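Please look over the sequence and the structure that follow, and keep both in view while you read. The paragraphs after them move from one feature to the next.

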Amino acid sequence: MVRVRFAPSPTGYLHIGGARTALFNWLFARHAGGKFILRIEDTDLTRSRKEVVDKILIGLRWLGLEWDEGPEVGGEYGPYFQSQRVSIYQQYINQLLEEGKAYFCFCTPQELEERRKEMMRRKEVPLYDGRCRNLAPEEQEEFKREKKRAVVRFRWDGPIGGFEDKIRGYIDFSEHQFDDFIIQKADGTPTYNFACIIDDHLMGITHIIRGEDHITNTPRQLALYRAFGWPVPQFAHLPLILGPDRSRLSKRHGATDLLEYKEMGYLPEALLNYLALLGWYPGSEEEIFTRDEIIAKFSLENISKRNAIFNLDKLDWMNSQYIQRMPVEKFMEVGWEFLEKGGVKREVRDKEWWERFFPLYKVRIKTFQQLVKDSAFFFNEEYPFEEKAVRKILRKEYVPNLLSELKEEIKNIEPFSVENIEKVLRDSCEKRGMSGRKFIHPLRVALSGKMVSPPIFDVIFLLGKEVCVRRINRAIMLLLEKGE
């Protein structure tokens, strides 16, 4: 059975790259009918934080990536926090020490740094020189009596030619130089390369799907598998995700914590769909897929070797597509959630009002945060005027008189319905011989403060007659104060 794992370190929040790695592991497991395991690599106790673990779990669940084994779920291969597995790692450290495949190293960080600098001065590769590799037992005891702290180093015993990667093909390391690397720190905690191969073996991991930045770790891990005589999982290293400027993805390219996308009003289905297409080709030019369709189509063979480009505009477009396809009831439910977070109380309007309001934005927004921003003028009498709108539209010479006349016309509309509002204003525009643009734009800015809004007839109806009159007066006063 296929068994894959996602193993984040809780020293930083789950970012887009990590979420994509988790997704590809999850998709591979679901496609193959296998298991998706979540493991928390928290051996760095000084930097690991519980609140980060919590956010990782919440983020994965929000995205829909439920794990089959791991924290809060359990499983027969636990515990699933590395900090709770230290005694397990110690058993295997002891095994390598007893077999002569590892040894204690008493070199201090200062000594190692001096030797590194000396090697670089001689233009040599700065590798560990094996100073403690063959210490006699009495020398080791002397160092221990002196209370010198020791790390444990793995005894590198031969070349690792390379390995077959499921995405990149054969990766050759025969020309690389390797030294006796550390597998246990002086404080007794295992290093990443050691702990992860112990866990992957004991948890029965069959495929290791991770970012290409881990390629350089693979030879050391292969050496450890060989030392223990264990079967080696299959490796698949994913391309990097870059920003539009082709640099490493960072906060300047958009949010980095996965849950920030939730707060910004992206739908988990849309983000999952978008992440799936970052490096994976579905076999057609289609871009919108259901979760089940992605699972059915997914394969490692269709993952590109080329780096993927994260484009926030493309994500916005995809999110808008999912919003437009949402049932209106679901759209209203999510919309209320965001509006209430923004300070809008649902009870300020009746059910019929909301049922007319939400469809106006369903076809217009890219994120639910945009809904909050773009509709704020409906709920705030002190809405700001866009500077560009005042400069380009309200300051036209004809506007004050037009607004004064329209105020009176709106006062007299009976019955006050969208259909009647549209008829009265279109007739008014025609009588004046004005273009719709010159006629409508000043009214739109006066009522919303914006150059762009939902259809003006709906805006007038939803605001109500009295509010429209007050807002037009406010716009006229603004122009008078500016000497217009």
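Helices (H or I, at least four residues) and strands (E, at least two) are taken here as DSSP runs, numbered from the N terminus. This is a predicted model, in which local features need pLDDT of at least 70 and side-chain atom pairs count only at pLDDT 80 or more, while totals for chains, interfaces and linings use all residues. Residues are numbered from 1 along each chain as its sequence is written, and side-chain values use heavy atoms, with hydrogens and water left out.

R391 is partly exposed, because its relative accessible area is 47%, and the terms work as follows: buried means under 20% relative accessible area, exposed means over 50%, and partly exposed lies in between (1.4 Å probe, protein chains only). R391 also belongs to a positive surface patch, which it forms together with K388, K392, R395, K396, R437 and K438. A patch is made of residues with over 30% relative accessible area and no salt bridge, where like charges are joined within 9 Å and nonpolar side chains (Val, Leu, Ile, Met, Phe, Trp, Tyr) within 5 Å. A salt bridge, in turn, is a side-chain nitrogen of Lys or Arg within 4 Å of a carboxyl oxygen of Asp or Glu. Two helices, α16 (387–394) and α19 (436–448), each supply at least two residues of the positive patch, and the largest share, 3 residues, comes from α16.

V459 sits in helix α20 (residues 456–463), and V459 is buried because its relative accessible area is 1%. Its C-alpha atom is separated by 16 Å from that of D350, a residue 109 positions away along the chain. T191 is found in the loop between β7 (182–184) and α6 (192–202), and because its relative accessibility is 13%, T191 counts as buried. From C-alpha to C-alpha, T191 and G12 are 18 Å apart in space, although 179 residues apart in sequence.

Strands deserve a look as well. Strand β5 (residues 162–165) and strand β6 (residues 169–172) pair in the antiparallel sense over 4 bridges, where pairing requires that DSSP finds at least two bridges between two strands. A hairpin through 3 residues joins β5 to β6, and the bridge partner of E164 in β6 is Y170.

The last stop is the backbone itself. Most residues other than glycine have a negative phi, and most peptide bonds are trans.

As for phi, K123 has a positive value of about 60 degrees although it is not a glycine. K123 lies in the loop between α4 (109–121) and α5 (137–145), and K123 is exposed because its relative accessible area is 77%. R246, another residue other than glycine, has a positive phi near 70 degrees. R246 has its place in the loop between β10 (241–242) and α8 (258–263), and with a relative accessible area of 59% R246 is exposed.

Note on methods
Accessible areas come from the Shrake-Rupley method with a 1.4 Å probe; for residues, only the protein chains shown count as cover. Lys and Arg count as positive and Asp and Glu as negative; His and the chain ends are not counted. The place of a charge is taken as NZ of Lys, CZ of Arg, CG of Asp or CD of Glu.
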